[in-house]
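Here is a report on one protein model.

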Amino acid sequence: GLRHAATIRSIVAKRGAAPGTADQGTVLVVDDEEDLADTVEALLCAKGYRVFKVYDGKSALRAALDLQPDLVLLDYELPEMDGLEVICRLREDEDLREVPVLLASAGRISMEDIRQADGFLAKPFQEDLLYEMVERVLKAKRPAS
């Protein structure tokens with residue numbers, strides 16, 4: 001899985017941003033595990049994404065309305081409001097219903113619940129898998145050119 005947040009930040013700082021990745025889009029990271037959210041932020045920023053973090057479901061909805069992100073990376077188990085309820089509320093909002101959601105969980109989750117999201121990551125996940133899934137979900141939601 002992902003290494004300790006401080007180790008990841010150090011590695012990412014040494015790498016710098018990947019060439020040609022100045023603005024890959026905006027990702028809203030929603031996870032009550034602050035170290036994990038910090039680690040994901042560092043990794044995605046290094047790939048050129050703008051990242052905003054919140055730590056509970058209610059804050060996720062407020063931030064999504066304000067930011068209109070390109071992707072929400074959403075933990076399944078959250079305080080205040082769980083990930084499935086957040087997805088439901090996003091889908092009910094005319095301005096947010098098309099925002100793709102990548103659901104993540106360390107716990108057991110049913111296929112029915114997974115299908116409510118646009119993608120799924122089992123925690124702990126590897127760095128390469130994070131990048132692959134973010135790109136896959138974003139690509140699937142981009143209009144064909």
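R89 lies in helix 4. Helices (H or I, at least four residues) and strands (E, at least two) are DSSP runs, numbered from the N terminus. The model is predicted: local features need pLDDT of at least 70, side-chain atom pairs count only at pLDDT 80 or more, and totals for chains, interfaces and linings use all residues. Residues are numbered from 1 along each chain as its sequence is written, and side-chain values use heavy atoms, with hydrogens and water left out.

R89 has a relative accessible area of 38%, so it is partly exposed. The cut-offs: buried means under 20% relative accessible area, exposed over 50%, partly exposed in between (1.4 Å probe, protein chains only). Leaving aside neighbours within four places in sequence, R89 is in contact with L61 and M81. Contact means heavy atoms within 4.5 Å. R89 and L61 are 28 residues apart in sequence, yet their C-alpha atoms are 7.7 Å apart.

**Overall fold**

The protein has six helices and five strands. Along the sequence they follow the pattern α-β-α-β-α-β-α-β-α-β-α. Of the 145 residues, 48% are buried. Among contacts between residues at least 6 apart in sequence, 65% join residues at least 24 apart.

**Helix 3**

L61 is one of the buried residues of helix 3 (residues 57-67); the others are G57, S59, A60, A63 and A64. Their cover includes strand 1 (25-30), strand 2 (49-54) and helix 4 (83-92). At the start of helix 3, a side-chain oxygen of D56 comes within 3.1 Å of the backbone nitrogen of K58. Q68 follows the helix.

**Positive phi and a cis bond**

Most residues other than glycine have a negative phi, and most peptide bonds are trans.

A cis peptide bond joins K123 and P124, with omega about -5 degrees. P124 sits in the loop between strand 5 (119-122) and helix 6.

**D75 and K123**

Which side chain makes a polar contact with that of D75? The partner is the side chain of K123, at 3.0 Å. A polar contact is a pair of N or O atoms within 3.5 Å; within protein, one must be able to donate a hydrogen and the other to accept it, and residues adjacent in sequence count only if both atoms are side-chain atoms. D75 belongs to strand 3 (residues 71-75). Its relative accessibility is 5%, so D75 counts as buried. Beyond four places in sequence, D75 is in contact with residues including V30, D31, D32 and G83. L103, A104 and S105 are also among the contacts of D75.

**Helix 6**

Helix 2 (residues 34-46) and helix 6 (residues 127-141) pack at about 65 degrees, with axes 11 Å apart. Helix 2 contributes V40, L43 and L44 to the contact; helix 6 contributes E127, L130, Y131 and V134. Axes are lines fitted to C-alpha atoms, for helices over the stretch in contact, and angles run from 0 to 180 degrees between N-to-C directions.

K47 lies over the face of Y131, at 4.6 Å from the ring centre. This requires NZ of Lys or CZ of Arg within 6 Å of the ring centre and within 35 degrees of the ring normal.
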